[in-house]
Amino acid sequence: MKNTVLTIGKKKSEGKKITVLTAYDYTIAKIFNDCGVDIVLVGDSLGNVVLGYEDTLSVTMDDMVRHCSAVARAADKAMVVVDMPFMSYQTSVEDALRNAGRLMQEGRANAVKLEGGTRVCPQIRALVDAGIPVMAHLGLTPQSINAFGGYRVQGKTQNQAAKMLSEAFAVQEAGAFSLVLECVPMQLASLITQKLDIPTIGIGSGAGCDGQVLVAQDMLGMTQGSTPKFVKCFAPVGELIKKAASDYIQEVEDGTYPSEEYSFSIKDEIIEKLY
Ligand code: KIV
């Protein structure tokens, strides 16, 4: 059975944790789906980990539609949530509706995610009214990286913490079915989780959230350079890929690959007649 807003909400009421992983292509999405992850998030982290940009700002609607449709073809059980890219919803409610509509129609997403609190509540309300489920996102919202002045934990001061709590209530009130909390101090994330009816999905926000999300390339040890403190590498896939590529290069260069085992053959007399 495919996960929906109802099954995700039910998990919170039953005290069961919600699992979310990002995926951007069919192959990885199929593996995660078949393992039983609840939600596959086609994050705009696509920009960083797949397209090689330094941030998420250059990701386009066409990028998200293409990658979302690949993921959606693989996800027959996991719910597919897709990020609305930078400037696809901030500009107006109309833009948000048109672009979210594309992500649902062409990308075959089951829900969209957008960043921000009170300022995007009109967009959340309009999308929900149009039948498009919305996952909200507070805390470190990467599309606002230039306003934040860097990737930092958010909500540390009294005022910031109070603002985040009221923004969390605002997005719930606007109709969001869940809320991502990114890089929020764990005590604040736990408090928000206890106070809200909708599930919270944490990333770098401690164990008190209703669920967790990680970027696939981070948890698979494939990210180049340093990763944030909250990232756990669950398997050194990056190292395995390096070893596989090095072994391949070695074997092609020394002629041990492909051996007969990996080759096709025809009868000798057919070849002899060609000489
Ligand atoms: O883009 C993304 O992958 C995200 C998650 C990190 C929550 O927004």
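**Ligand shell, domains and local geometry**

The shell around the ligand comprises five nonpolar, four polar and three charged residues. Here Ala, Val, Leu, Ile, Met, Phe, Trp, Tyr, Cys and Pro count as nonpolar, Asp, Glu, Lys and Arg as charged, and the others, Gly among them, as polar. The model is predicted: local features require pLDDT of at least 70 and side-chain atom pairs pLDDT 80 or more, whereas totals for chains, interfaces and linings use all residues. Residues are numbered from 1 along each chain as its sequence is written, and side-chain values use heavy atoms, with hydrogens and water left out.

The shell consists of Thr22, Leu41, Gly43, Asp44, Ser45, Asp83, Lys113, His137, Val180, Ile203, Val213 and Val215. A polar side-chain atom of serine 45 is 2.5 Å from a ligand oxygen. For lysine 113, the distance from a side-chain N or O atom to an oxygen of the ligand is 2.8 Å. For aspartate 83, the corresponding distance is 3.1 Å. On its own, the ligand has 260 Å² of accessible area, and the protein covers 96% of it. Accessible areas come from the Shrake-Rupley method with a 1.4 Å probe; for residues, only the protein chains shown count as cover.

Histidine 137, also part of the shell, is found in strand E5 (residues 134–139). Helices (H or I, at least four residues) and strands (E, at least two) are DSSP runs, numbered from the N terminus. The side chain of histidine 137 makes a polar contact with that of lysine 113, at 2.7 Å. A further polar contact, at 2.9 Å, joins the side chains of histidine 137 and glutamate 182. Histidine 137 counts as buried, because its relative accessibility is 3%. Buried means under 20% relative accessible area, exposed over 50%, and partly exposed in between (1.4 Å probe, protein chains only).

The protein has 275 residues, of which 48% are buried. Its secondary structure comes to 12 helices and eight strands. Along the principal axes, the C-alpha atoms fill a box of roughly 85 × 40 × 35 Å. An automatic or database domain assignment supplies the domain bounds. Domain 1 spans 5–235 and domain 2 spans 240–272. The C-alpha centres of the two domains lie 44 Å apart.

Cysteine pairing was then considered. A disulfide is taken as a pair of cysteine sulfur atoms within 2.5 Å. By this rule the count is zero. Cysteine 35 is in no disulfide; its nearest cysteine sulfur, in cysteine 233, is 16 Å away. Cysteine 35 is exposed, at 67% relative accessible area. Cysteine 209, by contrast, is buried, at 1%. The closest cysteine sulfur to that of cysteine 209 belongs to cysteine 183 and is 11 Å away, too far for a bond.

Cysteine 183 also has a positive phi, about 50°, although it is not a glycine. This residue lies in the loop between strand E6 (178–182) and helix H9 (186–195). Cysteine 183 counts as buried because its relative accessibility is 11%. Methionine 87, likewise not a glycine, has a positive phi of about 70°. Methionine 87 is located in the loop between strand E3 (79–83) and helix H5 (93–105). With a relative accessible area of 42%, methionine 87 is partly exposed.

Proline 85 occupies the loop between E3 and H5. Proline 85 is buried, at 1% relative accessibility. Valine 59 sits in the loop between helix H3 (46–49) and helix H4 (61–74). At 3% relative accessibility, valine 59 is buried. Valine 59 and phenylalanine 86 are 27 residues apart in sequence, and their C-alpha atoms are 7.1 Å apart.

A cis peptide bond joins tyrosine 257 and proline 258, with omega about 0°. Proline 258 is placed in the loop between helix H11 (237–254) and helix H12 (268–272).

Methods. Near = heavy atom within 4 Å. Polar contact = N/O pair within 3.5 Å; in protein donor to acceptor, adjacent residues only side chain to side chain.
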